[in-house]
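Here's a quick briefing to read alongside the picture. Take a look at the model first, then work through the notes.

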Amino acid sequence: MQNTRIFATAFSSVYPHYIQKAEKKGRTKEEVHEIIFWLTGYNEKALQEILEDKTDFKTFFEQAPQINPNVSLIKGVICGYRVEEIEDELMRNIRYLDKLIDELAKGKKMEKILRTT
């Protein structure tokens, strides 16, 4: 998994795809935000600043207030890779977010997505 072009990609360029993927399956922008906030510790105001500033993924995760301590509970395959086996921490965090958005789009309950049950 050497393609690190995503690290320099603006989060704001991928964000609309997360929203679109969720809404296409009857989920909401608010649920996408809940996932982002759970994973990173950001809040609505900080997310809006990130989107406006065109912050890249590397900075997005490096400056995250707190990566949720329960991320180790996220398991499974995303983009052909088992997320729990990805060695690069930044790439693993990006794939965690991808996995959570996938779970949302597949209709999982938020309690399961956020690993609260």
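Is T55 buried or exposed? T55 is buried, because its relative accessible area is 14% (buried means under 20%, exposed over 50% and partly exposed in between, using a 1.4 Å probe and protein chains only). Keep in mind that this is a predicted model: local features need pLDDT of at least 70, side-chain atom pairs count only at pLDDT 80 or more, and totals for chains, interfaces and linings use all residues. Residues are numbered from 1 along each chain as its sequence is written, and side-chain values use heavy atoms, with hydrogens and water left out.

**Around T55**
- You'll find T55 in the loop between helix 4 (44-53) and helix 5 (57-62); helices (H or I, at least four residues) are DSSP runs, numbered from the N terminus.
- Skipping neighbours within four places in sequence, T55 is in contact with T9, A10, F11, S12, I50 and F60 (contact means heavy atoms within 4.5 Å).

**Aromatic rings**
- There are 7 aromatic pairs, where rings of Phe, Tyr and Trp (its six-membered ring) pair if their centres lie within 6.5 Å, and planes under 30 degrees apart count as stacked, over 60 as edge-to-face and the rest as tilted.
- F11 and Y15 have ring centres 6.1 Å apart and planes at 40 degrees, so this pair is tilted.
- F11 and F60 are stacked, at 4.1 Å centre to centre with 10 degrees between the planes.

**Around V32**
- V32 sits in helix 3 (residues 29-40) and counts as buried because its relative accessibility is 0%.

Terms used: Helices (H or I, at least four residues) and strands (E, at least two) are DSSP runs, numbered from the N terminus.
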